[in-house]
Amino acid sequence: MIKPPLKKPTPEAIPSKYIHGTEPREQQRLSLLNRILNRASLSEMNLTGGEKILDVGSGLGQFTRLLARTAGKKGRVIGIERDLRQLAEAERQALSDGEEDLVEFRQGDALDLPLADDEWENFDVAHARFVLEHIADPLAVVREMVRAVRPGGRIILEDDNHDSMRLYPDLPEFEALWRAYMRSFEVLGNDPLIGHKLVALLHQAGARPIRNTWIFFGSCAGEKNFGHYIENLLGVIETARKTIIEEKLLTEKEYRDKIAAVENWSRRPDAAIWFSLSWAEGGKIL
């Protein structure tokens, strides 16, 4: 359920620029991405049940609800999401699945978490996925997460390092397209390489880094879910199309031609994608 915000967001408190938007088509892509990634993310978290969990940037809430199911009746999960459209869709999906009371969703900003005084330093786990890459000051977010967990609590960061993306056989058209996509993050003041920096951010925020790994996110033409990876890849690039064209990173024709080249490439019987989601964990110093 969505609770009223403890703090009213203001434009001054929200400097982040989210490139992907929240249109229905993008929400469908995010739902697909959740289906592909959620179990792998959950496995890395090693939850044992009963945890109090703060999910920062909870989006459509699918992973947040999976966390709540895993934490069980003795646990508690709060999802923080800035965008009202994402919150509304998260609530709709939860209601459709009969889980409207499983998670408490709150509107709020990752840079200024909407927690009551007695909730700070009270969570066992604070988690954020695909959040820091869209924020001009990611360290401020990690500091908020460190502050939210109890001494000995865990801070878990999952985010993209976009230069880990590889297609084979090589496709020069895609390489140019992907460079433009990464550049679209930079022109908005965001960081497409944040995944390399997660351990450093934990350290700088005052946590003790205790684990660094990644989650493989790839497929090949022989796998039944390969089409889902292509759909996600083209969908995520499409969300940056306006920025790519307006910033003259590619012309409209160059963009269309390169997308067509990727679509043609995806029909190859030997096509393969490699990508990795960076994953880092820190502990709050006792």
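Visitor: Hi! How many salt bridges are there here?
Guide: The count comes to 23 salt bridges in this predicted model. In general, side chains of opposite charge can pair when their charged atoms come close.

Visitor: Let's take one. Which side chain does E119 meet in a salt bridge?
Guide: E119 meets R76, with 3.2 Å from N to O. E119 lies in the loop between β4 (104-107) and β5 (123-129), and R76 lies in strand β3 (residues 76-81), so the pair ties together parts that are 43 residues apart in sequence.

Visitor: Is E119 buried or exposed?
Guide: E119 is buried, because its relative accessible area is 6% and buried means under 20%.

Visitor: And what about R76, how accessible is that one?
Guide: R76 has 33% relative accessibility, so it counts as partly exposed.

Visitor: What does K284 pair with?
Guide: K284 forms a salt bridge with E121, at 3.3 Å from N to O. This pair links distant parts of the chain: K284 is in strand β11 (residues 276-284), E121 is in the loop between β4 and β5, and they are 163 residues apart.

Visitor: Why does K284 count as buried?
Guide: K284 counts as buried because its relative accessibility is 13%, and the cut-off for buried is under 20%.

Visitor: Okay, what about D124? Where is it, and what is its partner?
Guide: The side chain of D124 meets that of R150 in a salt bridge, 2.6 Å from N to O. D124 sits in strand β5 and R150 in strand β6 (residues 149-160), a link between distant parts of the chain that are 26 residues apart.

Visitor: How accessible are those two?
Guide: D124 is buried, with a relative accessible area of 17%. R150 has a relative accessible area of 33% and is partly exposed.

Visitor: Which residues are linked in a network of salt bridges?
Guide: One such network links R65, R69, D97 and E99.

Visitor: Changing topic: which residues form a nonpolar patch on the surface?
Guide: Y168, F216 and W274 form one. Together they have about 370 Å² of accessible area.

Definitions and conventions
Residues numbered from 1 in each chain as written. Predicted model: local features only at pLDDT ≥ 70, side-chain atom pairs only at ≥ 80, totals over all residues. Heavy atoms only, no water. Patch = residues over 30% accessible without salt bridge, like charges linked within 9 Å, V, L, I, M, F, W, Y side chains within 5 Å. Areas by Shrake-Rupley, 256 points an atom, 1.4 Å probe, with all protein chains shown as cover. Salt bridge = Lys/Arg side-chain N within 4 Å of Asp/Glu carboxyl O. Helix = DSSP H or I, 4+ residues; strand = E, 2+ residues; numbered from the N terminus. Buried < 20%, exposed > 50% of the residue type's maximum accessible area, 1.4 Å probe, protein only.
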